[in-house]
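The sequence and structure come first.

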Amino acid sequence: MSTYRDLAHRGSARSTLRTVGTRERRSHLTAPRVPTVGIDIGGTKVMAGVVDADGVILEKLRTETPDKSKSPKVVEDTICELVLDLSDRHDVHAVGIGAAGWVDADRNRVLFAPHLAWRNEPLREALEGRLDVPVLVDNDANTAAWAEWRFGAGQGEDNLVMITLGTGIGGAMLEGGQVKRGKFGVAGEFGHMQVVPGGHRCPCGNRGCWEQYSSGNALVREARELAAADSPVAYNILEKVQGQISDITGPLITELARDGDAMCVELLQDIGQWLGVGIANLAAALDPSCFVIGGGVSAADDLLIVPARDAFRRQLTGRGYRPEARIAKAQLGPEAGMVGAADLARLVARRFRRAKRRRVERHERYERYAQAIRNGRIPPLDTKADAPVDSGSTESSTTQGNP
């Protein structure tokens, strides 16, 4: 008698198991061309967007990072609200999260986030349970680097290092089309390389970290120190902030530098020179073909990049006898982390598509089976025929027939 399982096997395209050798490496070239959502989470804002397979943002939403000590549950609620809002208008197949923190090698847990209350937080599992689609979690510098490699300044590069200059310095490495995350997932923390022994104290607890000399914090610190000392070179910026030193910010310094303010130009040159020193150290260790400079401070353009290139050439080990890596400004701006997270999520979107396809296939096989029963080609299961035989009557007849 045919059963549903028999019919399902006969109707299946694969009636025998196929031995799979080396599993095909997941690649953006084989990823499904479906829309995915990218989330960029920082200490002050959460940006979410639907991104297509060509890196085009179809829709973008932005909200402030919630307070209440920015607890994991509150931040997760915000993420889910943004994703569900976008899902009302788009067919979302996966969600990628770019988090400002350390993410483990399995891209499941946020080990530590300096601006959020995430401590060994199983973010991927928590969100997959609520969103019912595959979720990928990665460091925000990794997602930004991936976006620049796929769609921005790093296209065509086999070995790329990205430096993100913001409040501090973040970084990421790509080699052969893969993000290099290290054994424990926390590679790329270039900002905490020591460049000045016994130098400025860093929030990480050490002294002389690179980000204390080439970052948004370093830029603002130097400008405020000059203003607090009532230096004559700070007259223009003091007038701009009406004497309120705490109002001096990185964007203001960049604006004044573009207008020709000598002090602000000099400060950006200093930041750029330290940037070049750090890049030369990374070139000695990693030997990439390209450095991409992103983050908010990179908005200074050539005021920052030109002195960085000059210092890089002066500090490069073996200068004059080796090829020099290209130094380029990032092209995707503040959306890079979001775009990269969405594109990386596309690599796991196939899980959603396969599960959906399996559900459809099971439904179709059941419908074929039900239709076959209705047409009389397969008799329905006879529950009476399959009932167990009464053991007592069997024993009685056996006893009577045998001495």
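## Basis

This is a predicted model, in which local features need pLDDT of at least 70 and side-chain atom pairs count only at pLDDT 80 or more, while totals for chains, interfaces and linings use all residues. Residues are numbered from 1 along each chain as its sequence is written, and side-chain values use heavy atoms, with hydrogens and water left out.

## Nonpolar cores

A nonpolar core is a set of buried Ala, Val, Leu, Ile, Met, Phe, Trp, Tyr and Cys residues joined through side-chain atoms within 4.5 Å. Buried means under 20% relative accessible area, exposed over 50%, and partly exposed in between (1.4 Å probe, protein chains only). The largest core has 45 residues, and Ile163, Ile237, Leu275, Phe291 and Phe312 have the most contacts inside it. Elements that each supply at least two residues of this core include strand E9 (159-165), helix H8 (262-286) and helix H9 (302-315). H8 gives the most, with eleven residues. Helices (H or I, at least four residues) and strands (E, at least two) are DSSP runs, numbered from the N terminus.

Contact means heavy atoms within 4.5 Å. Beyond its neighbours within four places in sequence, Ile163 has contacts that include Phe190, Trp210, Leu275 and Leu282. A second, separate core has 29 residues, among them Ala153, Ala330, Leu347 and Ala349.

## Helix H2

Helix H2 (residues 72-87) has 16 residues, which at 1.5 Å a residue should span 22 Å; its end C-alpha atoms are 22 Å apart, in agreement. The expected span is 1.5 Å times one less than the number of residues. Buried residues of H2 include Val75, Ile79, Leu82 and Leu86. The buried residues of H2 pack against several elements, including strand E1 (36-41), strand E4 (95-99) and helix H3 (123-131).

## Surface patch

Trp102, Leu111 and Phe112 make a nonpolar surface patch of about 250 Å². Leu111 lies in strand E6 (residues 110-112) and is partly exposed, with a relative accessible area of 31%.

## Positive phi

Most residues other than glycine have a negative phi. Gln242, in the loop between H6 and H7, has a positive phi near 55°. Gln242 counts as exposed because its relative accessibility is 71%.

Asp301 also has a positive phi near 55° and is found in the loop between E12 and H9. At 28% relative accessibility, Asp301 counts as partly exposed.

Technical notes. Patch = residues over 30% accessible without salt bridge, like charges linked within 9 Å, V, L, I, M, F, W, Y side chains within 5 Å. Areas by Shrake-Rupley, 256 points an atom, 1.4 Å probe, with all protein chains shown as cover. Salt bridge = Lys/Arg side-chain N within 4 Å of Asp/Glu carboxyl O.
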